[in-house]
Structure formats: structure tokens, C-alpha cells
Amino acid sequence: MASPCTTYQPSPGSPEDDSMVLFSTSTSCSPAKQSTRTHSNSSSFHSSSPPPPPPQSSSNNKTYELRVRNLSYTISPNSSLFSSLIKKSTKPKISILKSVSFVAGCSEILAIVGPSGTGKSTLLRVISGRVRNKDFDTKSIYLNDHAITSPVQLRNICGYVAQEDNLLPLLTVNETLMFSAKFRLRGMSSKEREERVENLMQELGLDHVADNFVGDEENRGISGGERKRVSIGVDMIHDPNILLLDEPTSGLDSSSALQVIELLSSMAKTKHRTIILSIHQPSYRILQYISNLLILNHGSVVHYGSLESLEENISRLGYEIPIQLNPLEFAMEIISVLENQDLHSKYQSCSYLRWEEAIIQDGANKEVIDQAKTSAVSNSGCSSLFEIAVLCSRFWKIIYRTKQLFLARTMQALVGGFGLGSVYIKMRNDEGGVTERLGLFAFSLSFLLSSTVEALPIYLQERRVIMKEASRGAYKISSYMIANTIIFLPFLFAVAILFAVPVYWIVGLNPSITAFVFFTFVVWVIVLMASSLVLFLSAVSPDFISGNSLICTVLGAFFLFSGYFIPKECIPKYWLFMYYVSLYRYPLDALLTNEYWSLRSKCFSWNDENHSECLLTGYDVLKNRGLDKDTRWMNVGIMFAFFVFYRVICWIILARKVSKTTI
């Protein structure tokens with residue numbers, strides 16, 4: 001029987017490089033032709049291969065063939081501050097991918113294999129459009145013979161599953177997929193989205209854990225294999241024709257890894273999808289589901305083709321594959337030999353054809369780009385109000401289910417309020433009582449501002465999910481910030497009431513109802529301001545340890561320059577700006593004004609010899625702090641300005657990070 005492989009013979013005088021050749025594959029993806037296509041597996045495992053499932057009708061009839069020709073990718077090394085001042089950098093660029101070429105057809109699985117650091121993940125990010133525009137080669141990637149000119153076009157067509165499962169652990173499987181559907185399927189009705197999620201869970205084999213929490217290392221949830229399938233479902237909810245996965249079997253046991261690959265193989269055949277994945281040391285049972293292998297080493301193609309052609313190539317080089325190893329495992333052991341074989345021998349292992357430049361025309365298959373644009377419009381057509389409403393619903397579920405945060409905030413408020421009340425119970429109305437009140441207000445501020453630190457790990461956990469979702473157009477960062485604010489406003493107001501009620505009446509502060517209402521309002525604004533500060537610092541902190549240290553340092557500096565320890569007149573001029581930006585100064589002045597403004601004429605200290613002579617009035621207390629005018633609402637306005645300012649800065653930082661992310 002004739003060999004199915006066609007050997008590329010270089011033309012006389014033509015350069016023997018990848019620019020002249022491309023691996024051949026069938027350009028037709030119709031079900032009729034798919035049924036006659038030979039499944040190229042190693043002869044060693046052919047008897048164990050189960051028959052492929054019969055093709056089913058796909059809801060999306062559009063199929064894609066991805067062609068990559070001479071794709072190279074380089075990065076600049078991280079330069080120091082000194083080297084950045086030099087106009088010409090002496091450090092050469094690092095080449096990650098070197099003239100990579102292959103074809104990925106529909107209804108097939110192409111596996112990218114190679115040692116660590118060979119560029120597998122980088123290749124997936126490039127062909128999924130997860131690179132910056134300036135780093136994208138517009139002459140290397142083609143969809144259905146149409147050149148892709150922008151990474152946005154790839155992002156709108158391809159589904160990309162990162163190696164890490166960036167999921168919210170306190171949402172159920174059904175909720176995770178449903179929220180993804182609301183963001184990605186905005187043109188559908190609620191009933192259609194529910195049907196889509198139910199069908200997808202059945203397709204992924206997740207219907208039995210639909211109401212289970214996703215979980216993570218700290219919160220028990222579904223298994224690792226099920227979590228990986230949820231990650232696949234999140235990026236398949238919009239039914240992409242091309243699905244790219246970065247090591248989907250990483251961290252899974254052999255049984256779970258096989259289930260994931262079986263699932264992908266079934267989806268490739270029944271839905272005529274083009275699936276490309278990177279994988280590390282697959283077992284022989286996994287290899288039978290893989291149509292073609294792309295082996296990389298040092299960023300270059302070592303082998304492209306079926307497992308059978310790899311086995312033939314190894315035999316041609318004079319090696320015998322041990323019985324206990326499959327051809328791919330043995331290829332990894334002799335990968336340097338495969339890489340150094342001459343060009344003619346390297347290309348004999350698989351089918352090659354010349355790249356037909358005539359069919360690559362700017363006007364060909366224009367519907368590919370049109371569909372990409374349509375997809376982009378559908379992904380951004382949801383109004384901001386809808387985004388905010390969906391995010392508010394998700395925020396509420398997470399806060400309600402984060403028992404440690406809910407319980408910690410409640411206990412802190414109650415224990416802090418009753419604890420301070422028991423220490424300063426029934427404070428005296430004399431000169432000593434004035435000093436005690438100032439100490440009470442200062443300590444309350446320190447307690448309230450530092451009590452929001454426990455929200456830092458939650459913000460850090462959400463941040464990576466936000467980066468992934470926002471970078472893929474699920475919603476805008478501004479919608480996230482508004483939804484976060486809306487949900488935390490009533491939650492922190494409840495915390496303020498739980499703290500203010502006991503401490504105010506047990507201590508015996510100004511008995512005026514108006515003064516009590518204002519005191520509670522100021523406490524609420526304090527915790528809002530602190531929450532914004534923590535949210536801002538979480539956006540710039542790489543991890544919890546550095547974030548916690550940064551929060552403690554900033555709050556300590558604010559407290560030092562609040563005017564409580566060092567009067568404004570004694571602060572060095574080069575540190576005076578800290579007095580005006582301190583989060584402690586304005587609420588402290590507001591609380592003191594609220595306590596003594598209606599008691600300006602009340603005497604708090606009398607002359608021991610002449611009891612009719614008042615030595616200290618409420619007005620004197622305020623004047624000693626420079627509060628000879630009622631500035632309560634001005635201070636509240638400044639506190640609100642800080643609350644808004646830190647959230648705006650956080651929004652700018654997150655939006656900038658989203659624009660650069662490649663998750």
C-alpha cells in the first residue's frame with residue numbers, strides 16, 4: 001500500500017528553509033470527508049484505540065483551519081534602571097520561537113510537546129492573540145487561508161484555557177458557567193443561556209456536581225479534573241471553533257487526565273472544532289486521541305506529524321524504541337538528535353506541500369474577519385448597567401459565602417464597640433475626660449482603619465480572575481469598581497452601626513441624637529475610606545505579605561502625621577504634606593468638632609480657688625486643635641474625596657494591567 005506521506009523535495013537552487021514548505025492537511029472539514037479520514041496512530045497502539053464517536057450536528061457550521069508559517073517571537077530582556085537610560089541597549093533580544101510552521105485542522109487535536117522552556121505556552125499565547133499588537137506578526141497566521149492582521153481577531157474567535165484554573169472558589173459549577181454565559185452570550189435570553197449552560201455541563205460531564213462549590217486549596221470543592229473541565233467550560237460557553245489549552249492535564253492523575261483528553265477528542269469530532277493543546281509526557285492511552293504532534297526544542301520544530309510518522313523517523317535514524325516506552329517518550333530522550341538531523345531527513349517524517357501563495361489573498365474568505373468583528377461587537381454590546389447588575393449579584397454571593405470575612409467584620413465591630421465602651425465607661429466631664437475622649441477617638445480611628453486589612457486576600461484572589469475576564473472583554477473595569485462599591489456600601493454601613501451604637505452610649509459621649517447620627521455617619525465614611533485604600537494597595541501589591549506590609553506602613557505614617565502625636569507646627573516642612581494627606585486627620589477633627597461644637601459654652605474645668613472662673617470650655621478644646629469653625633461637613637467631604645480618589649486610582653491601575661495581560 002502506498003505511503004500516505006508526501007515527501008518534500010527541495011527545488012534545485014532553492015533555499016532549504018521553512019519559508020518554502022508547510023505541513024499538509026485536508027482543507028475540507030465536512031462530516032462526509034471526516035468519516036473517510038484515516039486516524040494516524042502508532043501501529044503499536046492501534047488495537048487499543050476505541051472507535052471514534054459518530055459525528056453529530058453542530059450548532060455552529062463554520063469551521064476553521066489554522067495555518068502557521070515561519071512564526072518567530074522574540075522578547076527583550078528585563079533591563080535595569082541604568083541600562084534604560086542608555087539609548088542603545090547592549091543586551092540582545094531573546095528568541096523564544098524560531099520559524100515555527102504547522103497546520104491545525106478541524107475535528108482534530110494537535111498536541112504541542114517538548115521539554116520545559118521550549119516555548120509551548122508562548123506559542124499558544126501568540127496564536128490565541130494574547131500578545132501586544134507590536135509583537136504580533138501579521139504574515140504568519142492564517143485562518144482558512146486568510147491572513148490575520150490583528151491579535152484581536154484571534155481573541156474573538158479562539159477560546160483559550162490557561163494552565164492555572166482562575167476560578168472563584170465560592171461559586172458553584174452552575175453559577176460559574178452561568179455568570180460566564182451572561183457576560184459572553186449577551187444576545188441570548190435568560191432561558192437560552194440556561195439551556196446552553198445545562199447542555200454544556202452535560203457535554204463536560206459536570207451535571208452531577210452542578211450545585212457543588214468550585215473550591216480551592218482552602219475551601220473543599222470539586223476534584224481537580226472537574227475543576228479543569230469547569231475552566232474549559234468557561235472558555236467554551238460562547239462555542240468557539242478553535243480551542244487552545246495550555247497543559248490541560250497538568251496536576252491531574254492519569255485517570256482524570258485521560259477523561260479530559262477523551263472529552264476534548266469528543267468535542268473535536270462532534271462539533272468539528274480545531275483543538276490545539278500543550279501537554280507534558282502523555283501516556284499511550286492519551287496519545288491515541290491525538291491526531292498530530294508538534295515537537296519543539298529551543299523554540300524550533302523538531303517534528304510535526306502523526307505518532308506513526310514519528311516512530312518511522314526514529315527508526316530511520318537507526319534507533320529502536322524500547323518496549324516500555326512509547327515513541328514520544330523515547331523522542332524526548334533523543335530530542336537533540338532529532339533537532340540536529342538534516343533538513344531533508346527531518347521533513348521526510350511527515351507530509352509536506354509547498355505553500356501556495358496564490359490562494360493567500362487579502363480578499364479571500366473575508367467572512368472570517370467579518371465574523372471576528374461581529375463576535376467583538378456581541379461581546380461588547382452589553383450595557384454598563386447590565387454588567388454592574390451581574391457583577392453585583394456575583395459580589396453578593398461571594399461576600400455572603402465568605403463566612404470568615406462576614407464573621408470577622410461583625411465580631412470586630414461588636415468586640416471593638418463593647419470593648420472600648422467598657423474601658424472608657426461613663427467618661428467624666430472634666431479636663432481629664434477631655435483627654436480621654438481625644439484618646440478614644442484616636443484609638444477608634446486606628447482600630448477602624450486597620451480592621452479592613454482582612455479583605456486583602458479576597459481582593460488578591462479576585463484580581464487574577466478579573467484580569468482574565470476583563471482582558472477577554474467580559475466586562476469593563478469601571479463596571480467592576482462600581483459594583484464593588486455598591487455591594488460594600490450597605491455591608492460596611494452595618495459594620496459602622498454595630499461599632500458606633502455600643503461605644504457611643506456606653507462611653508457617654510454627646511447625648512444629642514444629632515451628634516450620635518453624625519458620629520455613626522463618620523464611622524461609616526471611615527471604613528469606606530479604609531476599604532478603598534486596601535483595594536488600591538491590593539492592586540499594586542504582588543502578594544499578601546507585601547500587601548500587608550505596605551498597608552501597615554502607610555497607616556502608620558498616616559497616624560504619625562495626623563496631628564495627634566506631633567502638632568502641625570512641629571512637623572518638619574519636608575514632611576508637612578503627610579499632614580494634609582493623612583487619613584487620620586480629617587475624621588479626628590470631625591469627631592472632635594461633633595463632640596464639642598454644641599457644647600462650646602460648657603465648662604469642663606473650674607478654678608480651684610474661684611469656682612466661678614471657668615478654665616476650659618468646649619470652645620477652648622476646639623481652639624487648641626485649631627477648630628474654631630464648624631468644619632464637620634468639609635472634613636466629611638474630604639473623606640469622601642479620599643474614598644473616590646483611591647478607587648479611581650485603583651481603576652486606572654487595573655485597567656492598565658488588563659491592557660497588558662496575556663491570561
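Predicted model: local features only at pLDDT ≥ 70, side-chain atom pairs only at ≥ 80, totals over all residues.

Take Glu195 as our example. Helix H6, residues 190-204, is where Glu195 sits. Is Glu195 buried, partly exposed or exposed? Its relative accessible area is 40%, so Glu195 is partly exposed.

Which residues gather in the positive surface patch? They are Lys93, Lys134, Arg656 and Lys660. Look at Lys93. Lys93 lies in a loop, between helix H2 (81-84) and strand S3 (94-104). Relative accessibility of Lys93 is 60%, and exposed means over 50%, so Lys93 counts as exposed.

Which of them gives the most? That is H19, with four residues. Trp505 is in helix H19. At 36% relative accessibility, Trp505 is partly exposed.

Next, salt bridges. How many does the model hold? The count is 16 salt bridges.

First on my list, Asp135 with Arg132. The closest N and O atoms of this pair are 3.2 Å apart. Asp135 has a relative accessible area of 24%, which makes it partly exposed. Arg132, at 45%, is also partly exposed.

Next, Glu175 with Lys397. Here the closest N and O atoms lie 3.5 Å apart. Why does this pair tie together separate parts of the chain? Because Glu175 is in helix H5 (residues 173-184) and Lys397 is in helix H15 (residues 384-401), 222 residues apart in sequence. The two partners also differ in cover. Glu175 is at 13% relative accessibility, under the 20% cut-off, so Glu175 counts as buried. Lys397, with a relative accessible area of 25%, is partly exposed.

Then Arg273 with Asp239. Their side chains meet in a salt bridge at 2.4 Å, N to O. This pair links distant parts of the chain, 34 residues apart. Arg273 is in the loop between helix H8 (254-270) and strand S9 (274-278). Asp239 is in the loop between helix H7 (224-234) and strand S8 (242-246). Buried or exposed? Arg273 and Asp239 are both buried. Which residues join through shared partners? Glu203, Asp239, Lys271 and Arg273 form one network of salt bridges.

On to the aromatic rings. The count is 29 aromatic pairs. One of them is Tyr579 with Tyr580. Two values describe such a pair: the distance of the centres and the angle of the planes. For the two tyrosines, the centres are 5.3 Å apart and the planes make 80°. Stacked or edge-to-face? Planes over 60 degrees apart count as edge-to-face, so Tyr579 and Tyr580 are edge-to-face. What about cover for each ring's residue? Tyr579 is buried, at 9% relative accessibility. Tyr580 is partly exposed, with a relative accessible area of 35%.

Rings also gather in a group. Phe493, Phe518, Phe521, Trp524, Trp633, Phe640 and Phe643 form one aromatic cluster.

Last topic, backbone angles. Ser99 is not a glycine, yet its phi is positive, about 50°. Ser99 lies in strand S3. Its relative accessible area is 23%, so Ser99 is partly exposed.

Then Ser107. Where does Ser107 lie? In the loop between S3 and strand S4 (108-113). The phi of Ser107 is near 65°, again a positive value in a residue other than glycine. Buried or exposed? Ser107 is buried, with a relative accessible area of 7%.

Methods
Residues numbered from 1 in each chain as written. Heavy atoms only, no water. Helix = DSSP H or I, 4+ residues; strand = E, 2+ residues; numbered from the N terminus. Buried < 20%, exposed > 50% of the residue type's maximum accessible area, 1.4 Å probe, protein only. Phe/Tyr/Trp six-rings, centres within 6.5 Å; stacked < 30°, edge-to-face > 60°. Salt bridge = Lys/Arg side-chain N within 4 Å of Asp/Glu carboxyl O. Patch = residues over 30% accessible without salt bridge, like charges linked within 9 Å, V, L, I, M, F, W, Y side chains within 5 Å. Areas by Shrake-Rupley, 256 points an atom, 1.4 Å probe, with all protein chains shown as cover. Lys, Arg positive; Asp, Glu negative; His and termini not counted. Charge placed at Lys NZ, Arg CZ, Asp CG, Glu CD.
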